[in-house]
Amino acid sequence: MITFVISLALLIAGYFIYGRLIERTFNPDDRPTPAITKADGIDFMVLPRWKIFMIQFLNIAGTGPIFGAIMGAKFGPVAYLWIVLGCIFAGATHDYLSGMLSIRNGGAGLPELIGKFLGQGTKKVMLVFTVFLLIMVGAVFVSSPAGILKDIWGSSTMWIIVIFVYYIIATMMPVDKIIGKIYPLFAFSLLFMAFALMIMLFVKMPDLPELWDNFGNLGAATHPDTFKDNIFPALFITIACGAISGFHATQSPLMARCVEHEKMGRPIFYGSMITEGIVALIWATVASYFFYGNPAPGYEILAAAAPDGYSTAAPSVVNIICNEWLGIVGGILALLGVVAAPITSGDTALRSARLIIAEFIGLEQKSLRARLTICIPLFGATMALLLWQINNKDGFNVLWQYFGWANQALSVFTLWALTVYLVREKKPYTITLIPALFMTTVCATFIFVSPQAFNLDGSIGYPLGLGCLAIAVVWFVVWKVKANHRL
């Protein structure tokens, strides 16, 4: 618990100290924002700050900081390091600067921003890459809630249709009509669930493995599924939303179009990421308690609930833990979290895709006909991917693994675009350069060593990953020298 308390304090301090440094680096001012200059009553409109924060938090969170943290806890206490350092120095910085750059550029979507700073060729590649990632989000976040809901009433097919109908309505309706009304409620339920679990942690004060205990010598006897190998790069792909996630940069422009003043940016963008990091930290600790507590009190509970022994899927772990600690209320909150959170991630993903495509082809989105023009093929592609997933035995896992890598790869491009911006503006660019180099190495190495990709031996894959790091460093130095001459 000492590691947890220190980590929690560092995340809170990170918001007030490093978050303020990042804010001063960007230097928000009083210029009119797109919510005012481009107000259309659909996507551009002024919303209250508290509501924007809650929507932004739910947009970027979903089930990511819960499921990722539960799986990441298997790496041991070292997961705390990634959640804390990744969230403060990479994720929150990434989210704040991408959101603020969107505001400064008329509410521009991520491919437009990447194109502005990394070139039009990169923009076209990232347009396809980003839209496909968002379609994947829409597809992978349908089956799990549909599967849970069918156990209550109805069938999977019925619930898939219901969820898709909701997707269509939420994607095309004005942002304040559905998203602005129900998202704060679901965000509150996620926060309430997390903080209720945190209180239970302090009540129980369990004896947990600490970071200094040999970095996770947790004892395979208490947990046969402990992840012992490939902490690098697997940990940094597994825990994404609780540390850094490229998906967030696709969501920040949605709220950038609703912010009334630039100075609202730090609590909305940086603050929501820190909040998500706290949620991930809580869930990683709770999972550690059930996995590795001395003795492991959750072993028998989880083992009894899982048909194949201790290996329990993350949604089931959430349900079991909440019911065990929070009773009936916990079960309801777990249901809201496991069902509503992925659905709300899916609809904002498709909303982002609609706006990105519209921005690229120059099609206004005020009229219903214009929105339908984009939404019909967009939902057709999402449904096709979902049908492929359903008709393949391991379809969900395959999609999820590629989504995880693509998600972090997107953060790489965003961080490099932010670095170019800071260099051009003669601002301290190391705040994004270091995370950019690190995530470049993570994503490159994962492609080389992952069984789902090239599956190379570590003696080959890891040097290749370091080679990509060297190439990135050389590329940046050469580019910066040329940029300095132009400036």
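Trainee: How many residues of helix α12 are buried?

Mentor: Burial is judged by relative accessible area, where buried means under 20%, exposed means over 50% and partly exposed lies in between, with a 1.4 Å probe and protein chains only. Helices here are DSSP runs of H or I with at least four residues, strands are runs of E with at least two, and both are numbered from the N terminus. In this case, helix α12, which spans residues 246-256, is mostly covered, since 11 of its 11 residues are buried; among them are Phe-247, His-248, Gln-251 and Met-255. The model is a predicted one, in which local features need pLDDT of at least 70 and side-chain atom pairs count only at pLDDT 80 or more, whereas totals for chains, interfaces and linings use all residues. Residues are numbered from 1 along each chain as its sequence is written, and side-chain values use heavy atoms, with hydrogens and water left out.

Trainee: How many helices and strands does the protein chain have, and how compact is the chain for its length?

Mentor: The protein chain holds 19 helices and 0 strands. Its radius of gyration is 22 Å, close to the 23 Å given by the globule rule for 487 residues, so the chain is as compact as a globular protein of that length; the radius is taken over C-alpha atoms, and the rule is 2.2 Å times the number of residues to the power 0.38. Along the principal axes, the C-alpha atoms fill a box of roughly 60 × 50 × 40 Å, and 59% of the 487 residues count as buried.

Trainee: What share of the contacts joins residues at least 24 apart?

Mentor: A contact means heavy atoms within 4.5 Å. Among contacts between residues at least 6 apart in sequence, 82% join residues at least 24 apart.

Trainee: Is Leu-378 buried or exposed, and which residues does Leu-378 touch?

Mentor: Leu-378, which lies in helix α16 (residues 368-391), is buried, with a relative accessible area of 4%. Leaving aside residues up to four places away in sequence, Leu-378 touches Ile-135, Leu-350, Ala-353, Arg-354 and Ile-357.

Trainee: Which residue forms a salt bridge with Asp-43?

Mentor: A salt bridge is counted when a side-chain nitrogen of Lys or Arg is within 4 Å of a carboxyl oxygen of Asp or Glu, and by this rule the count comes to 9. Arg-354 forms a salt bridge with Asp-43, the closest N and O atoms being 3.0 Å apart. Arg-354 lies in helix α15 (residues 314-361) and Asp-43 in the loop between α3 and α4 (49-61), so this pair ties together parts that are 311 residues apart in sequence. Both Arg-354 and Asp-43 are buried.

Trainee: Which residues are linked with Glu-262 in a network of salt bridges?

Mentor: The network links Asp-29, Arg-31, Arg-104 and Glu-262. The side chains of Arg-31 and Glu-262 meet in a salt bridge at 3.8 Å, N to O, and this pair links distant parts of the chain, 231 residues apart. Arg-104 also forms a salt bridge with Glu-262, the closest N and O atoms being 2.6 Å apart; Arg-104 lies in helix α6 (residues 78-104) and Glu-262 in the loop between α12 and α13, so parts 158 residues apart in sequence are tied together. As for burial, Glu-262 counts as buried at 1% relative accessibility, whereas Arg-31 is partly exposed at 40% and Arg-104 is partly exposed at 23%.
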